[in-house]
Amino acid sequence: MASGFPGRDPRGGFGFGSAIQVPPFVNRSEPAGGGGGGGAAAAAAERLLKRSLNELERQHHLQRQHALFLRSVKQRTHLTSPISPLSSVGLSSSSASSFSPDRSAFTTSSSSSSSLSASSFSSGLVYARRQHPNPPDFSFSTAAAVPAAAPSCVTESENKSTMRKRLLELERRLLDDEDEDEVSASGCSAVTTSEWSEAMQQLLSPTSATVAAQHPLSPSPTTSSSSTTSSSASCSPPSTTPSRQMLSDTVAAIVDGNQKAATANLEVLKRAANRHGDPEQRLTAMMVAALSSRIETSPPSSGALHHPIAELCSSEHLEAAQMLHDLSPCFRNALLAANLAIVEATRDAPRVHILDFDVGQGRQYMALIQALAEHHRHRPSARPPNVKITAVADPTSPFNSLSNVSCRLRMVGDLLTKLAERFGVVLRFSVVCRRAAELDEATLGCEPGEALAVNLAFVLSRVADESVSPANPRDEILRRVRALGPRVVALVEQEMNGNTAPFPARFAEACGHYGALLESLEATVGRESGKRARVEDCLGRKAANSVAREGADRVERCEVFGKWRARMGMAGFRPVPLGPAVAEPIKARFASPGSNPGFTVKEEAGGLCFGWSSRVLTVASAWR
């Protein structure tokens, strides 16, 4: 060795395992001949001591800078790596291997540095990268340590620079994502050992630089399989059956005026439809009939039975609608919620007057009479309940255009009166045939001391609003009811955006609403049931009117609960919370062992929402 430094290796280790040629130290004060015997040896020892002290002082200075950096980094206590992310093993050993004054120190430091576990080194990179996006450079240049460099030093410096670039490239690939979550408290390493080992092998291979140049690395965190799976699961659209997709295509063809394509699609769909099959096949049959009715080119025949809404006003349709209220838990319990709201609001009144705009066959009031009798049974000292029901029939409404509407309502009143006598309830029933604009306390027979309650169950959605008529009969009813000052107004409606929505959106809403309704019937009634067949025919007529008709011919104009809230608020009503006396008995029904778990009930925005699976079908609410 010609270094003049006993034990010094001409190839000192710098950086990450790189080797740089260190030229021999030249003793400028020594004679050129190199003689001098013992004096020369003593002088050499003195120079050696000076150089050793200088090396130790410089190394101590560097270690002190290193310690300052370590103290400036906030430790992460939740990492469970067996080696601290920035321990002396992780970084100091690298420094020692670079600046050790003798070969033994270099060998020891290099071996400890190369034996670092991948998890501790990757954890250190994660930590340092998070805390210091631009960390200080701790790979010092050898220019300050040696007075001159041999020509081979240029090549070694280039190798060092190339290796450093590769490491930075690896660091960017593994760690450079600002959106990635931090290392979890469970101790999961940001980079697995296998990933780190594979990456190091690629870096150390001769072709790694070429491959990296041909395939640039992306810093995006979405390249991981977990991120891709999560993103696709959250962003993918819901699955659509082939029949529903073809129905949507048919609607698009109708909107575009391509009747030939729409007719061809309907012919294909008719072969897939089955009125006695599963719910999807029944829905297809229902919607095929609705769309066929919309594109029908033949002029309607004369006569009331061929009027677009004539079937909705027939006695068969009214009876089937009542069966729907009896068979479907969503409709039946929504009406029960309206009854309980009326009972709760008038429980202390000696006389109760109920105003109803669509009594139908009176099934709702059969349950109400029983509820009043049960309430009186728990208070035997009180007087028997005295109830008056006034059925309002607007003669201008198409649903009341039948000549025997008054007679039919009086027959319903007689049945209810007889039922009330059996339960010990005093009941009076009257019929008022007036337009909404003519309603007041006198025409309705309101008396002082009565607690007035108004029942609007499945009524307002079949009354035209401002989008159909400038007179706005829907708001006219609400204004007249508001002027009466009732204690409670019970509102029950189907949850569907089918009023002012355009045809394509209205059709999609009808598919979702009636599809869920058919599935709920599948869970409660057998496929061969005659009642179910009549109920589904009723639903088909309602869906056809909602989808196929426009203007005044479309009388099925359901709204979502948010729109009803806005309309009721503009009419001067405020919501009445449905307390435990209303909600708890109904929730207990849905939680009973015999109930189907597919049916749901929840309180939301002041209403009681009833649905099947994740779809709300009906909403009951109370107003004052």
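Helices (H or I, at least four residues) and strands (E, at least two) are DSSP runs, numbered from the N terminus. The model is predicted: local features need pLDDT of at least 70, side-chain atom pairs count only at pLDDT 80 or more, and totals for chains, interfaces and linings use all residues. Residues are numbered from 1 along each chain as its sequence is written, and side-chain values use heavy atoms, with hydrogens and water left out.

**Figure 1. Overview of the chain, with 21 helices and 11 strands.** Of the 624 residues, 40% count as buried, where buried means under 20% relative accessible area, exposed over 50%, and partly exposed in between (1.4 Å probe, protein chains only). Contacts are heavy atoms within 4.5 Å. Among contacts with a separation of 6 or more, 75% are between residues 24 or more positions apart. The structure holds 0 disulfides, a disulfide being a pair of cysteine sulfur atoms within 2.5 Å. Of the cysteines, C407 is partly exposed, at 48% relative accessible area, whereas C609 is buried, at 7%.

**Figure 2. Helix α19 (residues 530-548) and the side chain of N545.** The 19 residues of α19 reach 26 Å from first C-alpha to last, close to the 27 Å expected at 1.5 Å a residue; the expected span is 1.5 Å times one less than the number of residues. The helix is mostly covered, with 14 of its 19 residues buried. At its start, a side-chain oxygen of S529 comes to within 3.3 Å of the backbone nitrogen of K531. N545 lies in this helix and counts as buried because its relative accessibility is 3%. A polar atom of the N545 side chain lies 2.9 Å from the backbone nitrogen of V555.

**Figure 3. The buried face of helix α9 (residues 242-255).** This helix has 14 residues and reaches 20 Å from its first C-alpha to its last, close to the expected 20 Å. Its buried residues are S243, L247, T250, V251, A253 and I254. Seen down the axis of α9, these buried residues fall within an arc of 160°, so they line one face of the helix; the arc is that of the directions from the helix axis to the C-beta atoms. The cover over them includes α10 (259-272), α11 (279-294) and α18 (503-524). G257, which follows α9, has a positive phi, near 80°.

**Figure 4. Strand β6 (residues 451-457) between its parallel partners β3 and β7.** All 7 of the 7 residues of β6 are buried, so the strand is largely enclosed by the rest of the structure. A451, A453, N455 and A457 point one way from β6, and L452, V454 and L456 the other way. Strand β3 (residues 351-356) runs parallel to β6 and is joined to it by 5 bridges; two strands pair if DSSP finds at least two bridges between them. V352 has A451 of β6 as its bridge partner. Strand β7 (residues 488-494) is also parallel to β6, with 5 bridges joining the two, and L456 has L491 of β7 as its bridge partner.

**Figure 5. The polar contact between E319 and R534.** E319 is located in helix α12 (residues 315-327) and is partly exposed, with a relative accessible area of 33%. Not counting residues up to four places away in sequence, E319 touches Q361 and R534. E319 and R534 are 215 residues apart in sequence and 8.9 Å apart in space, C-alpha to C-alpha. Their side chains are joined by a polar contact of 3.1 Å. Such a contact is a pair of N or O atoms within 3.5 Å; within protein, one must be able to donate a hydrogen and the other to accept it, and residues adjacent in sequence count only if both atoms are side-chain atoms.
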